[in-house]
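Below are some brief notes on the model under review. They are set out as numbered points, to be read beside the structure.

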Amino acid sequence: MPRKTIRNLITSPELLAQINPENQQLVDDFLSYLRSIQRSETTIAGYLNDINIAMVWNLQCNGNKPFVDWTKRNVVAYQNWLLNDNKNSPARVKRLKASLSSMSNYICNVLDDEFPNFKNIINKVESPVNAPVREKSIFTEEQIDELLEQLTENKRYDKACALALALYSGRRKAELLRFKVSDFGEDHLTCGGALYRSDPIKTKGRGIQGKMLECFCLAKKFKPYFDSWMQFRKENGIESIWLFPDRECPEEPMKITTLNSWAETFSRQIGTDFYWHAMRHMTVTNFKRFGIPDTVIQSYIGWSDLSMVSIYSDLKADEQLSMYFNEDGMVKPETKTLAEI
């Protein structure tokens, strides 16, 4: 069965216009503070979206009460509404509460002269226990290879190239759109031609520029899809520095909504719910399956924490154990270089 996520659109311009002016001013000041400490606009938009949900609940269910006067009882009521009335997952509830907690910290630390008695009470209320709310999609190599073959046969070279890049680079959805054509020139080959190494690309992280990383991609695996897409672009006069340019404005990279639409198309073709982050899992899993050391995988993806490798690996215990044990007992696992994958 496909993964299912309940989406609730509870805010509207009409409702947001009715928010308590004191609360609206507080939200605006908090967002200005975030910009002053160089949080990215994407992060700020996330805060705004999450806090607006709380403000609309406050409007409709809590008498439009000033946020600085909320009590723990109000926090409990909001959490209960999110979980049981609005059917949000425990993880989503925690994130929505985290935004309110961050704004509360801002009040405590920056606006303490205006609200000397204010305390951050958000996390005083215990959050619900995490529970899986959707089935995780784990793909086989055969499934993805067949999808790539179908896309190529149907001359959807852009989609095939994006899918191949996700699979062989392990980059996040948003990061796929930040690659440039020049990142895949011969001058960007490294490790004896085994890998492409991009110019620094903005990845997830703090600051206006985010975290800038040189991103890697398996060259031999990716090149056929890259070449087909480049040939199609040449034949159809598509000129842009971006690997995936916006159709209406080639000077800009493709919008992430297009990748979301492609994911829905892939889901129908493959018969299983497709989401781009599954390819990041598959990259790590394939590396583990080939015996690539965790420290190398960590460097390839650009993680600062080695434990992320185990989080993203979908190898089952028996498959991983079989790399080290057989009928003769313990065995030395066969390891391969990235060039051999």
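1. M330 counts as exposed, because its relative accessibility is 71% and the cut-off for that class is over 50%. The model is a predicted one, and this value is computed from it like the rest. M330 belongs to strand β7, which covers residues 329–330.

2. M330 is also part of a nonpolar surface patch, together with L321, Y324 and F325. The accessible area of these four residues together is about 460 Å².

3. An open sheet is built from three strands, ordered β1-β2-β5, with antiparallel pairing. The edge positions are taken by β1 (189–190) and β5 (216–218); each has a single partner strand, so one side of each has no neighbour in the sheet.

4. Three bridges join β2 (residues 195–197) to β5 in the antiparallel sense. Within this pairing, Y196 of β2 is placed opposite C217 in β5. Packed on the sheet is helix α9 (residues 219–235), which touches β1, β2 and β5. The direction of α9 makes about 85° with that of β5.

5. For the chain as a whole, the secondary structure comprises 14 helices and seven strands. The C-alpha atoms fill a box of roughly 65 × 60 × 40 Å along the principal axes.

6. Of the 341 residues, 44% are buried. The chain exposes about 19,000 Å², and 50% of this comes from carbon and sulfur atoms. Among contacts with a separation of 6 or more, 62% link residues 24 or more positions apart.

Technical notes. Residues are numbered from 1 along each chain as its sequence is written. This is a predicted model: local features need pLDDT of at least 70, side-chain atom pairs count only at pLDDT 80 or more; totals for chains, interfaces and linings use all residues. Side-chain values use heavy atoms; hydrogens and water are left out. Two strands pair if DSSP finds at least two bridges between them. Helices (H or I, at least four residues) and strands (E, at least two) are DSSP runs, numbered from the N terminus. Contact means heavy atoms within 4.5 Å. Axes are lines fitted to C-alpha atoms, for helices over the stretch in contact, and angles run from 0 to 180 degrees between N-to-C directions. Patches are made of residues with over 30% relative accessible area and no salt bridge: like charges are joined within 9 Å, nonpolar side chains (Val, Leu, Ile, Met, Phe, Trp, Tyr) within 5 Å. Accessible areas come from the Shrake-Rupley method with a 1.4 Å probe; for residues, only the protein chains shown count as cover. A salt bridge is a side-chain nitrogen of Lys or Arg within 4 Å of a carboxyl oxygen of Asp or Glu. Buried means under 20% relative accessible area, exposed over 50%, partly exposed in between (1.4 Å probe, protein chains only).
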